[in-house]
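Visitor: I have a structure open and would like to go through it piece by piece. Can we start once it is on screen?

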Amino acid sequence: MTTVAEPTVETGGVLSPQYRALTVGMVALITLVAFESLAVATAMPTVAQALDGLNLYALAFGGPLASGVVAMVVSGTWSDLKGPTRPLWHGTAWFLAGLLIAGLAPSMEVLVAGRIIQGFGSGLLTVALYVVVGQLYPARLRPRIFAAFATGWVVPSLVGPAIAGLIVEHANWRLVFLAVPAIAIPAALVMRPGLARGSAYDVRPGKLWDKRALWAVAAAVGVGLLHYGGQQRGVVQIVLLVIGLGGVVAFGPRLLPSGTFAFGRGLPSVIALRGLVAASGFGAEVFLPLMLTRERGLSPAFAGLVLTVSALSWSAASWYRGRPNQPFSHAVFLQAGMLAILVGIVTAALTLNPNVPVLVGILGWSLTGLGMGTVFPTLSVLVLEYSERDEQGANSSALQLSDSLSTATILAIGGSLFAAMEPHSAVLAYLVAFGLPALLALLGVPAGRRTATP
């Protein structure tokens, strides 16, 4: 097993004086990226109507997903060659520029362009933040900072849609985009002293836009076509999905470590498991509120409460994984987490039966949250533990690429199958929609064991 060179300062916690500003700034940026993603999803129907751009609605979401794929690869290479500071600052700048362009957009075309720029910035900075953790935090603190990152994603899921809805309803939708820079700029600036400690990075020769970047562009086109094609109908949908899936399958594996799809011991299984956990959890989550409202008659607010419960359990599990002196190995926690996700998905699907109380589904889905909160920070810790210093960028990029590519693929396939089956048999459509993520979670249980090195 290879390990990264440890930072020299080993004392204190993530909020001790030497880490406090950096920790607060990084978590704030993660939180803002998460909030913006959730808030835009809430506001976009109003935005598209106001700008008369319903025909570009899908591209407003698929565009940033695709540009983010390219940015993750570029950021990984950049961080390994020059250190993470430059891609972090560039990512923040691109992210803020995209928000400003989208918030001031006079047309839907300009807004989509801003969203693509925003997605590129998000991909740059999120990968760079992982490398910052690897370079500037000792191994004993990494579980805690990744648990804080997880909370940075969970909290916006609780309040982001509600805040965005209030802004759209009582103010102006443009504030959803324009308010974030006012907070993001101070959050970025507060990190500067902490980042200065890692400025003495050994610069290595190499090309930033190498063949991996070209593969990333091809895979990104595939992701964009999957997302756009999934919202079409008829022959157009089939053609776009086939081409998009072909692009992801052909070029996505080239961006991941060798042995990823064979669940090779150590790092390859870590990368593979990140794709499985993301695709299983998020692939099922999108259908759960729909099922509860349409099949069980719940109000949208009550159906959303189910996701809130799982977000809280996710946060609790992440907090626990950040505590020292854990009683079991990483592999055991990963297997238990994937099993919890599997049981949660199956239990939630049982509420298709009107004789099963909805409370059963709520409790079941909270298990999925516990599993996600257990697996995500554990994999983040392992990817740095298995990376040499000059590989942290590439491997952190691969971790997040596995997440993005797998999620985009399962959502496109699951959504298309659901749309095709639902008019004929709603029960069968939901069984397929939940069955595919459940199968991926099942594959993840033995994969968790293979993350341990011999």
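**Walking through the model**

Guide: Start with Ala-187, which is found in helix α6 (residues 175-189). Keep in mind that this is a predicted model.

Visitor: Is Ala-187 buried or exposed?

Guide: Ala-187 is buried, because its relative accessible area is 8% and the cut-off for buried is under 20%.

Visitor: What about Leu-29 and Gly-152, C-alpha to C-alpha?

Guide: Those two are 8.5 Å apart in space and 123 residues apart in sequence. Leu-29 lies in helix α1 and counts as buried, with 2% relative accessibility.

Visitor: Let's move to the nonpolar core. Which residues touch the most other members of the largest one?

Guide: The largest nonpolar core has 128 residues, and the ones that touch the most other members are Met-26, Met-108, Leu-111, Tyr-137, Ile-145, Phe-149 and Phe-434.

Visitor: Which helix gives the largest share of this core?

Guide: Helix α1 (residues 20-50) does, with 14 residues. As background, nonpolar side chains in soluble globular proteins tend to be buried together.

Visitor: Now α4. What span does helix α4 reach from its first C-alpha to its last?

Guide: Helix α4 covers residues 108-136, 29 residues in total, and reaches 41 Å, close to the 42 Å expected at 1.5 Å a residue.

Visitor: How many of the residues of α4 are buried?

Guide: 24 of its 29 residues are buried, so α4 is mostly covered.

Visitor: Switching to rings. How many aromatic pairs does the structure hold?

Guide: There are 13 aromatic pairs in the structure. One of them is Tyr-130 with Phe-146: the ring centres are 5.0 Å apart and the planes are at 50°, so this pair is tilted. Tyr-130 sits in helix α4 and Phe-146 in helix α5 (residues 142-170), and the pair links distant parts of the chain, 16 residues apart.

Visitor: Are Tyr-130 and Phe-146 buried or exposed?

Guide: Both Tyr-130 and Phe-146 are buried. For Phe-146 the relative accessibility is 2%.

Visitor: What is the geometry between the rings of Phe-146 and Phe-149?

Guide: Their centres are 5.8 Å apart and the planes are at 85°, so that pair is edge-to-face. The angle passes the cut-off, since planes over 60 degrees apart count as edge-to-face.

Visitor: How are Phe-146 and Phe-149 placed along helix α5?

Guide: They are 3 residues apart in helix α5, which means a separation of about one helical turn. In general, an α-helix has 3.6 residues a turn, so residues three or four places apart point the same way. Phe-149 counts as buried too, at 4% relative accessibility. Tyr-130, Phe-146 and Phe-149 form one aromatic cluster.

Visitor: On to charges. How many salt bridges does the structure hold?

Guide: The structure holds 1 salt bridge. The side chains of Asp-403 and Arg-274 meet in it, at 3.0 Å from N to O. The pair links distant parts of the chain, with Asp-403 in helix α15 and Arg-274 in helix α10 (residues 267-285), 129 residues apart.

Visitor: Is Asp-403 buried or exposed? And Arg-274, buried or exposed?

Guide: Asp-403 is buried, with a relative accessible area of 13%. Arg-274 is buried as well, at 6%.

Visitor: Last topic, backbone angles. What is phi of Asp-52?

Guide: Phi of Asp-52 is near 55°, a positive value in a residue other than glycine. Asp-52 lies in the loop between α1 and α2 (57-82) and is exposed, with a relative accessible area of 71%.

Visitor: And what is phi of Phe-263?

Guide: Phi of Phe-263 is also positive, near 55°. Phe-263 is found in the loop between α9 and α10, and Phe-263 is partly exposed, with a relative accessible area of 23%.

Key:
Residues are numbered from 1 along each chain as its sequence is written. This is a predicted model: local features need pLDDT of at least 70, side-chain atom pairs count only at pLDDT 80 or more; totals for chains, interfaces and linings use all residues. Side-chain values use heavy atoms; hydrogens and water are left out. A salt bridge is a side-chain nitrogen of Lys or Arg within 4 Å of a carboxyl oxygen of Asp or Glu. Helices (H or I, at least four residues) and strands (E, at least two) are DSSP runs, numbered from the N terminus. Buried means under 20% relative accessible area, exposed over 50%, partly exposed in between (1.4 Å probe, protein chains only). A nonpolar core is a set of buried Ala, Val, Leu, Ile, Met, Phe, Trp, Tyr and Cys residues joined through side-chain atoms within 4.5 Å. The expected span of a helix is 1.5 Å times one less than its number of residues. Rings of Phe, Tyr and Trp (its six-membered ring) pair if their centres lie within 6.5 Å; planes under 30 degrees apart count as stacked, over 60 as edge-to-face and the rest as tilted.
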